[in-house]
Amino acid sequence: MPTLLIRNARLLVTMDAARREIADGAVFVRDNVIEAVGASAELPASADEVIDARDQVVIPGLVNTHHHMYQTLTRVIGPAQDCELFKWLQTLYPIWAGLTPEMVRVSTQTAMAELLLSGCTTTSDHLYIFPNGVSLDDSIEAAQEIGMRFHAARGSMSVGQSQGGLPPDSVVEREPAILADTQRLIERWHDPARFAMLRIVVAPCSPFSVSRELMRDAALLARSFGSAHGVSLHTHLAENDNDIAYTREKFGCTPAEYAEQLGWVGPDVWHAHCVKLDAAGIALFARTGTGVAHCPGSNMRLASGIAPVRAMRDAGVPVSIAVDGSASNDSGHMLGEARLALLLQRVAHGPVKGPSALSAREVLEIATLGGAKVLHRDDIGALAPGMAADIVTIPLDEIGIAGAHHDPLAALFFCHVPQVRHSIVNGRVVVRDGRLTTLELPRLIERHNRLARDLAQAASG
């Protein structure tokens with residue numbers, strides 16, 4: 001089996017049980033698994049491939065737990081720039097109705113390239129619109145080409161405007177077809193094994209776009225495979241005030257109560273946003289081990305509010321960080337998203353408690369181990385023997401962190417780092433010296449921009 005040695009790191013941040021931070025650190029990998037972690041002098045001196053991480057910080061690969069990758073095609077669409085969530089969606093639904101399989105494949109790879117270049121090695125993606133022959137297989141095959149660890153969420157919308165839902169009827173599906181296709185995807189693609197590169201997630205879109213029956217039946221479907229199969233559940237929840245009002249009006253309860261009624265709590269479930277999760281909801285999620293994907297950039301961009309991350313963490317709710325869709329965040333930079341999470345919690349808690357509301361080390365924990373827990377995995381998120389070889393190196397010679405070498409770890413989040421030097425996923429170097437090794441990025445960007453123009457022009461008539 002091939003071996004890989006990363007050595008001479010200025011600082012190696014393990015995120016292991018002891019939270020070791022090792023000066024002049026090294027990681028030794030055999031095939032796709034970490035075999036040893038320690039000081040460079042203590043590890044083997046050679047390997048089939050050696051990466052010199054001098055003047056770099058080495059961290060576990062970051063874990064992104066919520067995204068809509070097709071939305072890279074509709075960044076900064078003018079009419080949607082200054083809208084809150086519901087109006088923003090209503091503006092973009094008709095444009096997304098023009099998506100094609102090629103657009104989904106190319107946008108998936110574009111979003112994944114951005115993530116890989118910004119420190120992320122594992123991602124989920126929530127695809128919930130399937131016009132013109134689009135299928136989740138398009139995303140899956142694109143991910144396999146680029147080499148990213150992937151939790152592919154089969155989203156869905158089944159309640160259109162004629163039934164009181166938010167999306168137009170033209171972009172919703174029949175519920176039996178949704179469930180049948182979800183089962184097909186699990187049976188074809190889902191890998192429950194340790195170090196799996198691909199898992200399928202059951203993911204009806206939101207309370208305002210699917211029925212109670214679909215939410216209930218989706219949970220039953222996921223759990224019919226058994227806990228050992230590791231099929232998780234994911235949806236949007238309590239994102240803004242309109243979201244809360246819709247759930248109260250239609251279902252007579254809070255979003256957290258709605259989730260509990262339909263079986264959408266437990267360690268196999270995580271919800272995106274939860275900006276408006278109340279104290280009772282936080283207690284429920286903590287008691288049941290239900291996870292949350294915190295999306296600070298999108299929440300700010302849509303003026304949804306500030307999620308109570310500090311309260312969630314203190315209560316014991318599993319919390320992760322996510323970049324969310326690239327048309328509501330307009331960025332997929334994972335280190336940048338973690339920085340927003342750090343700063344936003346400080347704003348939320350004011351000048352007295354704010355400066356200590358969230359630390360750089362806690363943000364890294366949320367973005368690594370937090371993401372692993374939310375995705376129901378114990379094989380990623382830390383650099384330790386027996387863990388997956390998902391490793392990122394970040395240079396300290398960038399202008400944005402000049403003068404910040406007093407604490408290289410904190411520099412990654414207080415300062416701004418444009419991209420990583422190396423990204424290793426499952427033992428494979430997919431970014432080397434700041435360049436993707438699996439795809440020709442300039443050609444991908446050119447193709448993506450052409451398709452984005454085509455999509456916008458088709459929608460404008």
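The model is a predicted one, in which local features need pLDDT of at least 70 and side-chain atom pairs count only at pLDDT 80 or more, while totals for chains, interfaces and linings use all residues. Residues are numbered from 1 along each chain as its sequence is written, and side-chain values use heavy atoms, with hydrogens and water left out.

**The whole protein**

- The protein has 15 helices and 17 strands, which are DSSP runs numbered from the N terminus (helices are H or I with at least four residues, strands are E with at least two).
- Its radius of gyration is 21 Å, close to the 23 Å that the globule rule gives for 461 residues, so the protein is as compact as a globular protein of that length; the radius is taken over C-alpha atoms, and the rule is 2.2 Å times the number of residues to the power 0.38.
- Taken along the principal axes, the box filled by the C-alpha atoms of the protein is roughly 65 × 50 × 45 Å.
- Of the 461 residues, 62% count as buried, a word that stands for under 20% relative accessible area, with exposed being over 50% and partly exposed in between (1.4 Å probe, protein chains only).
- Among contacts between residues at least 6 apart in sequence, 75% join residues at least 24 apart, and contact means heavy atoms within 4.5 Å.

- Ser209 is found in the loop between β9 (198-204) and α5 (212-224), and at 0% relative accessibility Ser209 counts as buried.
- Not counting residues up to four places away in sequence, Ser209 touches Ser156, Met157, Ser158, Val159 and Pro167.
- His126 lies in strand β7, which covers residues 120-127, and it also counts as buried, at 1% relative accessibility.
- A polar atom of the His126 side chain lies 2.8 Å from the backbone oxygen of Ala203.
- Once neighbours within four places in sequence are left aside, the residues in contact with His126 include His66, His67, His68, His234 and His236.

**Leu92 and Thr74**

- Leu92 belongs to helix α1 (residues 85-96), whereas Thr74 is found in the loop between β6 (62-64) and α1.
- Leu92 is buried, at 0% relative accessibility, and Thr74 is buried too, with a relative accessible area of 2%.
- Leu92 touches Thr74, Ile77, Ala80 and Ala327, not counting residues up to four places away in sequence, while the contacts of Thr74, with neighbours within four places left aside, are Leu92, Ile95, Trp96, Ala327 and Leu455.
- From C-alpha to C-alpha, Leu92 and Pro167 are 9.8 Å apart in space and 75 residues apart in sequence.

**Gly316**

- Gly316 has its place in the loop between α10 (309-315) and β13 (319-321), where it is partly exposed, with a relative accessible area of 42%.
- Gly316 and Gly289 are 27 residues apart in sequence, and their C-alpha atoms are 7.9 Å apart in space.

Conventions:
A polar contact is a pair of N or O atoms within 3.5 Å; within protein, one must be able to donate a hydrogen and the other to accept it, and residues adjacent in sequence count only if both atoms are side-chain atoms.
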